[in-house]
Amino acid sequence: MSLFDEPPKGLSTINLFADKKTKCEFYNDNFQNYKRYGIRKAQLVIADIPYNLGINAYASSTEWYIDGDNKKGESKKAGKAFFGTDFNFNIAEYMHFCSKLLVKEPKETGKAPAMIVFCAFNQMQTVMDYGKKYGFKNSYPIFFIKDYSPQVLKANMKIVGATEHAVVLYREKLPKFNNNGKMVFNWMKWNSDSKNIPKIHPTQKPVNVLAELIRIFTDEGDVVIDPCAGSGSTLRACAELNRHSYGFEISRDMYKKAKKEMLLQ
Ligand SMILES: C[S@@+](CC[C@H](N)C(=O)[O-])C[C@H]1O[C@@H](n2cnc3c(N)ncnc32)[C@H](O)[C@@H]1O
């Protein structure tokens, strides 16, 4: 049984950030500049790293065409990237950041920190290999199941993708794990967000899904970092769950939108 069999907790916007005791710090900067900021070490680093799809971002989506109809010709999204920074993401720098910013391995069991990396299926092995080089010797995959596919244009040619993927990485000891005595599968339903969560990033992850992961791998009062925060969805989930959060977003426009619309700051 998956935790997702329970209805997701409704996310409120009222008073979400009123409690100043829970930190929610968001920086318009490259995560590699983290030393400029007084960031506390994290129990969980969670990120959706750029897929480096470049100009093929909309390749199998109807969005490539005007009104999704290929008879009407190509839309403005044809031959464009999801965002200007989806090109040469450096996984080694990312792993270095995580190795520095995750809390040290604790003496006790059941308290170790973890890293969760959302990535494309064909990036999973690379993520695990780089993880090992930076001390994250252990890992396992999580699959997220959708009831729709963005790959409509390939529907008559092959089995289309309706899953998202992530890798959980850790050093030695198994990460902190809150399961209320229930078995948690390595697959979860991709529960979309309701309308009170703004949709502002082309590859935005549902706050519902992030909240479920944060609930499992951290306790209230723990610190969570998202080095590639995009819409601020991870930070929003943390505020709801009383976890301190820090996020970086390199794009000025996305940062401004996320701060105003997602984080209400
Ligand atoms: C796949 S998106 C993340 C989407 C996010 N998970 C969400 O739910 O909105 C990756 C984001 O990382 C940002 N990014 C890429 N390289 C970065 C870097 N070195 N430092 C900070 N942000 C970066 C991109 O601009 C992009 O918005």
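## Basis of the description

Residues are numbered from 1 along each chain, in the order in which its sequence is written. Because the model is predicted, local features need pLDDT of at least 70 and side-chain atom pairs count only at pLDDT 80 or more, whereas totals for chains, interfaces and linings use all residues.

Val117 lies in strand S3 (residues 114-119), where helices (H or I, at least four residues) and strands (E, at least two) are DSSP runs numbered from the N terminus. Val117 counts as buried because it has 27 C-beta neighbours inside 10 Å; a residue is buried if 20 or more other C-beta atoms lie within 10 Å of its own, exposed if 12 or fewer, and partly exposed in between, with C-beta atoms placed from the backbone. Not counting residues up to four places away in sequence, Val117 touches Ala47, Ile49, Val127, Ala166, Val167 and Leu169, contact being defined by C-beta atoms, placed from the backbone, within 7 Å. The C-alpha atoms of Val117 and Val45 are separated by 8.2 Å, although these residues are 72 residues apart along the chain.

Ala114, leaving aside neighbours within four places in sequence, is in contact with residues including Leu44, Leu169 and Phe217.

## Around the ligand

Of the 21 residues around the ligand, those that come nearest are Asp48, His201, Cys228, Gly230 and Ser231, a residue being near if its C-beta atom, placed from the backbone, lies within 6 Å.

## The enclosed strand S8

Strand S8 (residues 244-248) is largely enclosed by the rest of the structure, because five of its five residues are buried. His244, Tyr246 and Phe248 point one way from S8, while Ser245 and Gly247 point the other way. In a regular strand the side chains alternate between the two faces of the sheet.

Strand S1 (residues 24-27) runs parallel to S8 and is joined to it by four bridges, with Tyr27 having Phe248 as its bridge partner. Strand S7 (residues 223-226) is also parallel to S8 and joined to it by four bridges, and here Val223 stands opposite His244; strands pair if DSSP finds at least two bridges between them.

Technical notes:
Two residues are in contact if their C-beta atoms, placed from the backbone, lie within 7 Å.
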